[in-house]
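Below is a short report for a reader who has not seen this structure before.

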Amino acid sequence: MNIMPDNGIVERFNGRVQREVLGITIYSHRDPETLLKGFNQAYNRRRQRMLKGASPEQVVQRRLAAAPKLANVRFKPPDPHALPQALQVVAHAKEVSHPDMCLQVALSWHGADCK
């Protein structure tokens, strides 16, 4: 049995990535991968209403316990350092200037429109 998520689930996940990850101003070209690995780990540990209060990680563990043959032999567990590293990227991102936002604020103080 091959269980594929429907488009709604995929779109919901993509929207969450866009809201929570893609808006972060990053310092290095290596940071997006670090952010996405950390976000993926955090998302899989977060309880979801659609999963009746369980996290995706918990659901997978239950399914594998019930049917071990479903396990993918090529699966690599996530890096245990992914989330702390992603949080460091976020912390450093807060220190990076946001020139577009500063320009908008400065122009709005002078009554100009930033379009």
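## An aromatic pair

Phe39 and Tyr43 are both buried, where buried means under 20% relative accessible area, exposed means over 50%, and partly exposed lies in between (1.4 Å probe, protein chains only). The two residues sit in helix H2 (residues 31-45), four residues apart, which is about one turn of the helix. Helices (H or I, at least four residues) and strands (E, at least two) are DSSP runs, numbered from the N terminus.

A pair of aromatic rings is described by the distance of the centres and the angle of the planes. Rings of Phe, Tyr and Trp (its six-membered ring) count as a pair if their centres lie within 6.5 Å; planes under 30 degrees apart are stacked, over 60 edge-to-face, and the rest tilted. By this rule there is one aromatic pair. The ring centres of Phe39 and Tyr43 are 5.9 Å apart and the planes stand at 35°, so the pair is tilted.

## Basis of the model

This is a predicted model, in which local features need a pLDDT of at least 70 and side-chain atom pairs count only at pLDDT 80 or more, while totals for chains, interfaces and linings use all residues. Residues are numbered from 1 along each chain as its sequence is written, and side-chain values use heavy atoms, with hydrogens and water left out.

## Overall make-up

The protein has five helices and zero strands, and its pattern along the sequence is α-α-α-α-α. Of its 115 residues, 18% count as buried.

Contact means heavy atoms within 4.5 Å. Among contacts between residues at least 6 apart in sequence, 54% join residues at least 24 apart.

## Helix H2 and its cover

Helix H2 has 15 residues, which at 1.5 Å a residue should span 21 Å; its end C-alpha atoms are 21 Å apart, which agrees. The expected span of a helix is 1.5 Å times one less than its number of residues. The buried residues in H2 are Asp31, Leu35, Gly38, Phe39, Gln41 and Tyr43. Their cover includes H1, H3 and H4.

Asp31 belongs to helix H2. Its relative accessibility is 13%, so Asp31 counts as buried. Leaving out residues up to four places away in sequence, Asp31 touches Ile26 and Val89.

Helix H1 (residues 7-20) has 14 residues and should span 20 Å at 1.5 Å a residue; the distance between its end C-alpha atoms is 20 Å, which agrees. Gly15, Arg16 and Val17 are buried in H1. The buried residues of H1 pack against H2.

For helix H4 (residues 82-93), twelve residues at 1.5 Å each should span 16 Å, and the end C-alpha atoms are 16 Å apart, which agrees. Buried in H4 are Ala82, Ala86, Val89 and Ala93. They cover an arc of only 55° around the axis, which puts them on the same side of H4; the arc is that of the directions from the helix axis to the C-beta atoms. The buried residues of H4 pack against H2. On the face turned away from the buried side, H4 carries the exposed residues Leu87 and Gln88.

## The loop between H2 and H3

Leu51 is in the loop between H2 and H3. With a relative accessible area of 29%, Leu51 is partly exposed. Apart from neighbours within four places in sequence, Leu51 is in contact with Pro56 and Val59.

Lys52 is also found in the loop between H2 and H3. Its relative accessibility of 81% means that Lys52 counts as exposed. Most residues other than glycine have a negative phi. Phi of Lys52, however, is near 60°, a positive value.

## Confidence

pLDDT is the predictor's confidence in each residue, from 0 to 100. The protein averages 77, and 75% of the residues score at least 70. Confidence is highest in helix H3 (residues 56-66), with a mean of 94, and lowest in helix H5 (residues 99-109), with a mean of 48.

Over residues 102-108 the pLDDT stays under 50, and the model has four contacts for them beyond four places in sequence. Residues 110-115 also have a pLDDT below 50; this stretch has four contacts in the model beyond near neighbours in sequence.
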